[in-house]
Amino acid sequence: SGPWTNEVLTSGTSPNGETIIDRADETFAIIENPSLSLDKEVSAGPTLIDAATGAYAVTYQITVTNDGDVALTSLQLFDDLDAIGFDSLTDLTIASATLTPVASDNAANGALLSGGDQLAAGASASVSVSFTVTGSDGLYTNTASVIGTSPNGAQPTDSDDAVVIIN
């Protein structure tokens with residue numbers, strides 16, 4: 001935001017008793033460089049857990065890094081798991097040590113975080129998403145994306161995808 005003006009006013013008395021007043025001001029703006037990066041990978045699986053139904057366990061590890069120079073608020077992570085194309089997706093679990101995930105049964109719209117988290121400049125946080133799927137043999141690509149808000153209202157974003165291979 002801004003611009004802002006910094007004003008300095010000084011006064012004093014000269015040796016002969018005169019009051020001397022001086023004023024100076026400087027207008028400036030704070031330049032932000034907000035930036036987010038996202039890394040998504042399959043951290044476990046697919047592991048066949050039921051040969052009769054063709055059910056596999058899969059876990060994604062999603063790491064968000066604030067690689068900008070200001071803290072970001074309203075951090076939100078999206079991952080539309082229903083769009084992957086599996087025949088079924090059940091037993092969804094979302095976990096994070098540092099961010100606030102939504103309840104697993106509320107993740108159908110793709111929002112994985114509560115939206116109230118802050119990530120300091122230079123900090124990283126991870127979210128683990130585990131689930132059971134059934135599907136035909138093939139490659140299943142899934143994309144996650146992240147957005148945050150800087151103090152000046154900029155909204156940096158990033159996305160990354162991961163591939164699950166069932167055969």
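Mentor: Leaving aside residues up to four places away in sequence, Thr149 touches Ala71, Leu72, Thr73, Ser74, Ala154 and Gln155, where contact means heavy atoms within 4.5 Å. The model is a predicted one, in which local features need pLDDT of at least 70 and side-chain atom pairs count only at pLDDT 80 or more, while totals for chains, interfaces and linings use all residues. Residues are numbered from 1 along each chain as its sequence is written, and side-chain values use heavy atoms, with hydrogens and water left out.

Trainee: Which side chain makes a polar contact with the side chain of Thr149?

Mentor: A polar contact is a pair of N or O atoms within 3.5 Å; within protein, one must be able to donate a hydrogen and the other to accept it, and residues adjacent in sequence count only if both atoms are side-chain atoms. Here the partner is the side chain of Gln155, at 3.3 Å.

Trainee: Is Thr149 buried or exposed?

Mentor: Buried means under 20% relative accessible area, exposed over 50%, and partly exposed in between (1.4 Å probe, protein chains only). Thr149 has a relative accessible area of 18% and is therefore buried. This residue belongs to strand S9 (residues 138-149).

Trainee: In what order do the four strands of the open sheet run?

Mentor: Strands (E, at least two residues) and helices (H or I, at least four) are DSSP runs numbered from the N terminus, and two strands pair if DSSP finds at least two bridges between them. The order is S3-S4-S8-S6, with antiparallel pairing. S3 and strand S6 (88-95) are the edge strands, each pairing on one side only.

Trainee: How many bridges join S3 to S4?

Mentor: Strand S3 (residues 36-50) and strand S4 (residues 55-66) are joined by 11 bridges. Among the pairs, Lys40 has Ile62 of S4 as its bridge partner, and Thr47 has Ala57. Four residues lie between the strands of this hairpin, where Gly54 takes a positive phi near 70°.

Trainee: Which strand pairs with S4 over 11 bridges in the antiparallel sense?

Mentor: That is strand S8 (residues 124-134), in which Ser124 is the bridge partner of Thr65.
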